[in-house]
Structures are given as C-alpha cells and as structure tokens.
Amino acid sequence: MSAAVVAGLATMARAVPITITLAASPPVSPGDPYAITVILSAPEPVTNVAHVQLDYSLSSPGAVDVNSDECVAGSPLCSALPLEFNPPGSPVYARLTAQLPSSAVITPEGVAFITLNAVVPPGATTISVMGPSTTDNLNGAYIATADGTVWDNGLPGAEQVLGGQITLPPMDAFVLTAANPPMQSPFAPGQPFRDVLQTGAGASLTHGIGGVGTPDEGAISFGQISVTFSAAPHPAPTVSNVAITCTDLAANGPADCPAVANVAGNGSGPYVITLTGAIPPRECTSLMFAGAQPGGQKLQYQSLPGDVTLNGIANTLDLLGLIQALNDGSANEPANWARYNVDRSTQAAGRVNTQDLLRLVQLLNGVRTTQPFNGATAAPCP
Ligand SMILES: [Ca+2]
Ligand SMILES: [Ca+2]
Ligand SMILES: [Ca+2]
C-alpha cells in the first residue's frame, strides 16, 4: 500500500451521535450531585466532539419535569462539562465529565441522559461511561448510536452497557460475501455481472437489474438485488445510506441512474434492495454501503444488451455466439439462461430458441429497445 493511500485512510472518520441514558434507578441518592464520565477510546484521535447536552429530572420525587441544558460555546454548562483531549499516542483521546447541578434530583420515574456528537476514526472505538466513583461503571445504562445500528438487546439503536462500555466495531469489518445477481459473472470469472438480455418489450427501459417485474433466469434474479455480508454492517443498510453511482458512458447525464427505493433485511443479511428502475445500458452501476471504506466494498453491475459473448461489445459476432450455443445445447442449460435467453421468455422447456436470435437482431438494430446496440460497448467499472 502506498503512503498516499495510507494517508487517505487515516483521514476517514464517521460521525457518531451518541446518547447515554442512565438506568431508571441510578446508584445515587435523590438530591446528590451526580457526575458521569464518558471516555472515547480509539486508535486515532476523536475529534469534533460537540453538542454536549445533559438532560435530567428536576423537582420533588414523583414529578417528572425534564430539564435540559445544552453546551454551546461559552455557556455555563460547557464550563461545567470539561472535555479533555489527551495527547496523540495516549489510548484515551476524549474524556467528558458531566455533573448534574446540586439542585437536580434524579427521581425513580425519571432518567438522565447525555447526548454528544463525536467524529470517531475508522478503527474500533470503545465508549466507556463511569459513575460518580471509579468503581461505578453504570451497568444497566444504555448507550445508543443514532446511525441506524440495532444492538443485541432488541432495543433499536440502544445497547445496554455491560462492564461500563461498548465497542463500535471498526469500519470495513464486514465484506460482501454473496449477492444476487451475483457480484461476479458466472460466465466470465473475475468480471462484474453483466446483463446482456433485452431492455424490455418496448422502446423504453423496463427490464434489467433493478427493473421490478424483470423475470428471473434460473437462479439469477434481476428485479431486486439481494446482498449478504460476512458480519452485520455498521450501520445497517438503509434507503438513505446505500449510495448508487453510474459511470455516464452513455453521456446522457445521471438521470438514468436509479436510486434505492427500499431495503429489507437485518443482521448480516440477506438484504433485499429494490431500485427505482433498471440500471442504464452501457454504464457501470455501483452500489456502495455505509461503514465500508470507500472503494472497499461495492457491488457493481453492467448492462450491455446483446453482448452474449461477454467481450464488451455488441455486434454480429454475438449472433454467431448464440447460434453456436443453440447448436451445442449449452444455451438451454438453466445455468446459461441469464446469458442466452435474450427475450427473457419464461417457458420451462426450450426457453432459448430462434426467437432469441430474432430478438438479438432487433437489439442490434434498435427495434423495440432503447437504442441500436450494434457496435455499442460497456463502460469498465471503476
Ligand atoms: Ca447516464
Ligand atoms: Ca460481444
Ligand atoms: Ca427465449
């Protein structure tokens, strides 16, 4: 790895809003001032710790008035909540001590919580919370990160503190293990999966990867994308954090690049991703997942209708390739339907036949499809 790449990785960070909620019966007597220390431990500096907010119940037992003080620059609470930054190289980089004012009472009905935002580095980061004494590690409190994580105890976005701390897993601790359509072409190993079948029955783009209603070809699905990871991604994939980009080889702008319409799944997956439309012909479409290092984990697909030989260009040599596959019988092996069933027909037997040859001629000539594909090439994936 070059020094430049290392430097690039070192600047990667993630914003993690953190809420620490004390147990409903904190280990203090009503009326006692209550101090809480939060320690963020990471292999690299924690920066931009901001928006420290302390909320607590006030007044007599039985009442649940929630008061709030927010730490903004120069406010009294900020000076009451010293935030210490330790020198680089020390294992602890940020320490926050919050103390309830002496007028505060934590009632049995109420809870106190601290909210802070921090930008933490990509490596594993431990969040520790300590009570008034060094022996009080606040077992039973909750720490939540507001970035879509679902923690083990079933509370969305919250994990019960055991032993006084939780650890955010490092970024990129997960890798893509499987997808459908597959990540790699089963016909051209090492290459992204390329859809070479028709764009739809008419002149507009309706069929292809992400085109809802596009028939499956044997074990390969087209209408939705299913993806599985080696471990639960952090954060979990959602509509708002799965990013899609398209190389604009067709030079028709980004408008033909679909967006994510829905994500369903949990844990390590599979997650079923529904797109707003089919991926654009000729372009390379990349799906990237939050929490992974950019460039690290992405799912890439190409579309080049008619390129049954998978050599990156659609032309009359593809007619020859289809004829040969029909003659030797390989075209009708179910594992090869995604390559040769050009018209996406759905009959069980004889699915690939001379109708697919005709459809391939039409695709090359631009009949009932989005453009003439004779001579068209596919963009390499970045
Ligand atoms: Ca485009
Ligand atoms: Ca070809
Ligand atoms: Ca067919």
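On helix 3, the exposed residues Leu-320 and Asn-327 lie on the face turned away from the buried side of the helix. The model is a predicted one, and the buried side of helix 3 comprises Asp-318, Leu-322 and Ala-325. These residues cover an arc of only 60 degrees around the axis, and are therefore placed on the same side of helix 3. Such an arrangement follows the geometry of the α-helix, in which there are 3.6 residues a turn, so that residues three or four places apart point the same way. Among the elements that cover the buried residues of helix 3 are helix 4 (337-340) and helix 5. With 12 residues at 1.5 Å a residue, helix 3 should span 16 Å, and the separation of 17 Å between its end C-alpha atoms agrees with this expectation. Just after helix 3, Gly-329 adopts a positive phi of about 85 degrees.

Helix 5 was examined in the same terms. Its 12 residues reach 17 Å from the first C-alpha to the last, close to the 16 Å expected at 1.5 Å a residue. Asp-356, Arg-359, Leu-360, Leu-363 and Leu-364 are the buried residues of helix 5. Viewed down the axis, they fall within an arc of 140 degrees, so they line one face of helix 5. The exposed residues Thr-354 and Asn-365 are carried by the face turned away from that buried side. The cover over the buried residues of helix 5 includes helix 3 and helix 4. Gly-366, which follows helix 5, has a positive phi near 85 degrees.

The relation between two packed helices is described by the angle between their axes and the distance between the axes. For helix 3 (residues 316-327) and helix 5 (residues 354-365), the packing angle is about 170 degrees and the axes are 10 Å apart. Because angles over 145 degrees count as roughly antiparallel, helix 3 and helix 5 are assigned to that class. Helix 3 contributes Thr-316, Asp-318, Leu-319, Leu-322 and Ile-323 to the contact, while helix 5 contributes Asp-356, Leu-357, Leu-360, Val-361 and Leu-364.

In the protein as a whole, the secondary structure consists of five helices and 19 strands. Of the 382 residues, 37% are buried. Among contacts with a separation of 6 or more, 67% are between residues 24 or more positions apart.

Definitions and conventions. Residues numbered from 1 in each chain as written. Chains lettered and ligands numbered in written order. Predicted model: local features only at pLDDT ≥ 70, side-chain atom pairs only at ≥ 80, totals over all residues. Axes fitted to C-alpha atoms, helices over the stretch in contact; angles between N-to-C directions. Helix = DSSP H or I, 4+ residues; strand = E, 2+ residues; numbered from the N terminus. Parallel < 35°, antiparallel > 145°, perpendicular 65-115°, else oblique. Contact = placed C-beta atoms within 7 Å. Expected span 1.5 Å × (residues − 1). Buried ≥ 20, exposed ≤ 12 C-beta atoms within 10 Å, placed from the backbone. Arc of directions from axis to C-beta.
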